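Here is a short report on charged side chains in one protein. Look at the structure first, then read on.

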Amino acid sequence: MQQTHKQNKSGYRVPLSEATKAEIETRITHFLMSAGIMEQVTSDQNFSLKVSHGQYHPLTIRRNGSEIEFSQSGINNDGSFIGTELTFAIGRDGLLSFKDSLRFMNGPSLAPTFSESLLQQGFPNFVKAAVMQCQKSQLKL
């Protein structure tokens, strides 16, 4: 049972349930651990990585102070803009806490779908490969 932000009659968003937030946090923690970058992301305040993966729009993972942002944007084949974003607070214990997601026109949150899609599309493997390639390049300097 996945709940998303919904507009009530007054036009304000109803927040995601705690269970849905926990699912999103679990997926992204799994993503970071599978990609081998959990420690880097939680310890390096300047962490930033952009990864391309096949037909999908590039994914950017960026640390911004005590937050980490996952964003993916681009132009679809029909010329329309698509953009998704997830923001997490990083606790002192290194645990992620879901904060927000980009929404269009007070519409539903894309966070549950976006966090699941990142895993299904294989992005952790491509992030891991990109980090390994970057490390190899640094060793050759």
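## The protein as a whole

Buried residues make up 37% of the 141 residues in the protein. Keep in mind that this is a predicted model. The protein has 4 helices and 7 strands. From the N terminus on, these elements follow the order β-β-α-α-β-β-β-β-β-α-α.

The protein exposes about 8700 Å², and carbon and sulfur atoms supply 51% of that area. Residues 24 or more positions apart account for 46% of them.

Side chains of opposite charge can pair when their charged atoms come close. A search of the whole structure finds 4 salt bridges.

One of them joins Lys 21 and Glu 18, whose closest N and O atoms are 3.6 Å apart. Both residues lie in helix α1, which covers residues 18-35. They sit 3 residues apart, about one turn of the helix. Lys 21 is partly exposed, with a relative accessible area of 22%. Glu 18 is exposed, at 58%.

Glu 23 forms a salt bridge with Arg 27, and the closest N and O atoms are 3.5 Å apart. Both residues are in helix α1, 4 residues apart, again about one turn. Glu 23 is partly exposed, with a relative accessible area of 33%. Arg 27 counts as buried, at 15% relative accessibility.

Arg 27 also forms a salt bridge with Glu 116, with 4.0 Å between the closest N and O atoms. Arg 27 lies in helix α1 and Glu 116 in helix α3 (residues 111-120), so this pair ties together parts that are 89 residues apart in sequence. Glu 116 counts as partly exposed, at 30% relative accessibility. Salt bridges that share partners join Glu 23, Arg 27 and Glu 116 into one network.

## Glu 69, buried without a salt bridge

Where is Glu 69 placed? Glu 69 belongs to strand β5, residues 67-75. Glu 69 is buried, yet has no salt bridge. Why does Glu 69 have no salt bridge? The nearest side chain of opposite charge, Arg 62, is 4.3 Å away, and a salt bridge has to be within 4 Å because that is the cut-off.

Glu 69 does have a polar partner. Its side chain makes a polar contact with the side chain of Asn 64, at 3.4 Å. Leaving aside neighbours within four places in sequence, Glu 69 is in contact with residues including Thr 60, Ile 61, Leu 86 and Thr 87.

Conventions:
Residues are numbered from 1 along each chain as its sequence is written. This is a predicted model: local features need pLDDT of at least 70, side-chain atom pairs count only at pLDDT 80 or more; totals for chains, interfaces and linings use all residues. Side-chain values use heavy atoms; hydrogens and water are left out. Helices (H or I, at least four residues) and strands (E, at least two) are DSSP runs, numbered from the N terminus. Buried means under 20% relative accessible area, exposed over 50%, partly exposed in between (1.4 Å probe, protein chains only). Lys and Arg count as positive and Asp and Glu as negative; His and the chain ends are not counted. A polar contact is a pair of N or O atoms within 3.5 Å; within protein, one must be able to donate a hydrogen and the other to accept it, and residues adjacent in sequence count only if both atoms are side-chain atoms. Contact means heavy atoms within 4.5 Å. Accessible areas come from the Shrake-Rupley method with a 1.4 Å probe; for residues, only the protein chains shown count as cover.
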